[in-house]
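Dear colleague,

I am handing over the structure below, and after it you will find my notes on what was found. Please read them with the structure open beside you.

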Amino acid sequence: MPSISVIGAVIERYESFAISATVPMWFHEVPAEEDSPPYVVLVDEGTTPQYTTEYEPLETTRLRFEIFHTSLAGADNVVSAIRYNAGAIAAQLGMDFAASLPLTGSNFLGMKRDREQRFVEGPRGLGGVPIFRVSMSYTVTAKRTA
Amino acid sequence: MPLFEGDLQPNAFVDVYTLSATRDSSGGTVEAYTTLAASNVAVLISQGSGSRDGRFEGRLNTQRGVATGEHVSLGSQKMRLVVRNSAPATVEVPWVAGKSLYAESISKHLGSSTDEIPPRYTVSWELYEGG
């Protein structure tokens, strides 16, 4: 079902990827019922409207995927799946240069990756092992229509 | 005077494993506790507490506590404790029985023979209760 927000549309698009069957995505916080990593947390960094035309602003939304995993190699596999969804770059199957987003009330114009960074978390995971985090920032552009 | 000679008795026996670190194909560190440094080490697990500390942007609980014992393996910097899944742990501290306790900090107490204070180690541990 199309979403009225970019965040909802991105989650819906992610849930169509094969990786979502084993690595779930949550908005901002993972509920206590969920297992330990791997999972992805989607963070909203805000939407900025530009009123270049009256009533129908161009909206730029910045968002961030935080990928948590028990190994860096595993995290990189998730990163790759988010970028390209196991397809060629030009196929636009992933989030990089996404072909579409299930949005209602605005026309999707584009999605691009701005930044990527890898970390080891301070606290330890199950069994005392390190948990790795990859932070990926994206910008989504859409034109408001309703 | 040994720590567990009098009224004070251990409430768990643990196996002590030490760390081996390698790298995966992305360059990330792989930490594995594969070397058994000591088995059946008597400890007293005490001062349990828990918190949902928000680690990994989640809300899973983390248990914390202290394990006190005499064995020299408890003083190792690179150690992890695995609680034996048998009595007395299953009776006295059942929530950690069979679990791996990650050592957050290690204290070494010299003791005093004249005051009958036994030398011992206290390990502050934590247990992330992920599924």
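**The sheet of chain A**

In chain A, strands E4 and E5 (residues 132–144) run antiparallel and are joined by 13 bridges, where helices (H or I, at least four residues) and strands (E, at least two) are DSSP runs numbered from the N terminus. Within this pairing, Arg115(A) has Ser137(A) of E5(A) standing opposite. The two strands belong to an open sheet of 5 strands in chain A, with the order E1-E2-E3-E5-E4 and mixed pairing; two strands count as paired if DSSP finds at least two bridges between them. Strand E1 (25–27) and strand E4 (106–120) of chain A have a single partner strand each and stand at the edges, so one side of each is left without a neighbour in the sheet. On average, neighbouring strands of this sheet are turned by 25 degrees against each other, direction ignored, with axes taken as lines fitted to C-alpha atoms (for helices over the stretch in contact) and angles running from 0 to 180 degrees between N-to-C directions.

Before going further, a word on the basis of these values: this is a predicted model, in which local features need pLDDT of at least 70 and side-chain atom pairs count only at pLDDT 80 or more, while totals for chains, interfaces and linings use all residues. Residues are numbered from 1 along each chain as its sequence is written, chains are lettered from A and ligands numbered from 1 in the order in which they are written, and side-chain values use heavy atoms, with hydrogens and water left out. The predictor gives the complex an ipTM of 0.89 and a pTM of 0.92. For chain B the average pLDDT (the predictor's confidence in each residue, from 0 to 100) is 93, and 99% of the residues score at least 70.

**Cores**

The largest nonpolar core has 31 residues, of which Leu63(A), Phe65(A), Ile67(A), Ile82(A) and Met111(A) touch the most other members; such a core is a set of buried Ala, Val, Leu, Ile, Met, Phe, Trp, Tyr and Cys residues joined through side-chain atoms within 4.5 Å. At least two residues of this core are supplied by each of helix H1 (6–14), strand E2 (39–50), strand E3 (58–69), helix H2 (72–84), E4 and E5 of chain A, and the largest share, 6 residues, comes from H1(A). Leaving aside neighbours within four places in sequence, Ile82(A) is in contact (heavy atoms within 4.5 Å) with residues including Tyr14(A), Phe17(A), Phe65(A), Met136(A) and Tyr138(A). A second, separate core of 22 residues includes Met79(B), Ala89(B), Ala97(B) and Ala103(B).

**The barrel of chain B**

Chain B forms a closed barrel of 6 strands, running E1-E2-E3-E6-E5-E4 with antiparallel pairing, and its neighbouring strands are turned by 45 degrees against each other on average, direction ignored. Strand E4 (residues 79–83) of chain B pairs with E1(B) in the antiparallel sense over 5 bridges, Met79(B) being the bridge partner of Thr18(B). E4(B) is also joined to strand E5 (residues 100–109) of chain B by 3 bridges, again antiparallel, and here Arg80(B) stands opposite Tyr102(B). Since 5 of the 5 residues of E4(B) are buried, this strand is largely enclosed by the rest of the structure; buried means under 20% relative accessible area, exposed over 50%, and partly exposed in between (1.4 Å probe, protein chains only). Met79(B), Leu81(B) and Val83(B) point one way from E4(B), whereas Arg80(B) and Val82(B) point the other way, and all are buried.

**Local points to inspect**

Asn11(B) lies in the segment before strand E1 (12–23) of chain B and, at 7% relative accessibility, counts as buried. The side chain of Asn11(B) reaches the backbone nitrogen of Ile45(B) at 2.7 Å, and, neighbours within four places in sequence aside, the contacts of Asn11(B) include Val43(B), Pro88(B) and Glu92(B).

The peptide bond from Ala87(B) to Pro88(B) is cis, with omega near 10 degrees, and Pro88(B) is placed in the loop between E4 and helix H1 (89–92) of chain B. In chain A, a cis peptide bond joins Pro37(A) and Pro38(A), with omega about 20 degrees, and Pro38(A) is in the loop between E1 and E2.

Phe97(A), although not a glycine, has a positive phi of about 55 degrees; it lies in the loop between H2 and E4 of chain A.

With kind regards

Technical notes:
A polar contact is a pair of N or O atoms within 3.5 Å; within protein, one must be able to donate a hydrogen and the other to accept it, and residues adjacent in sequence count only if both atoms are side-chain atoms.
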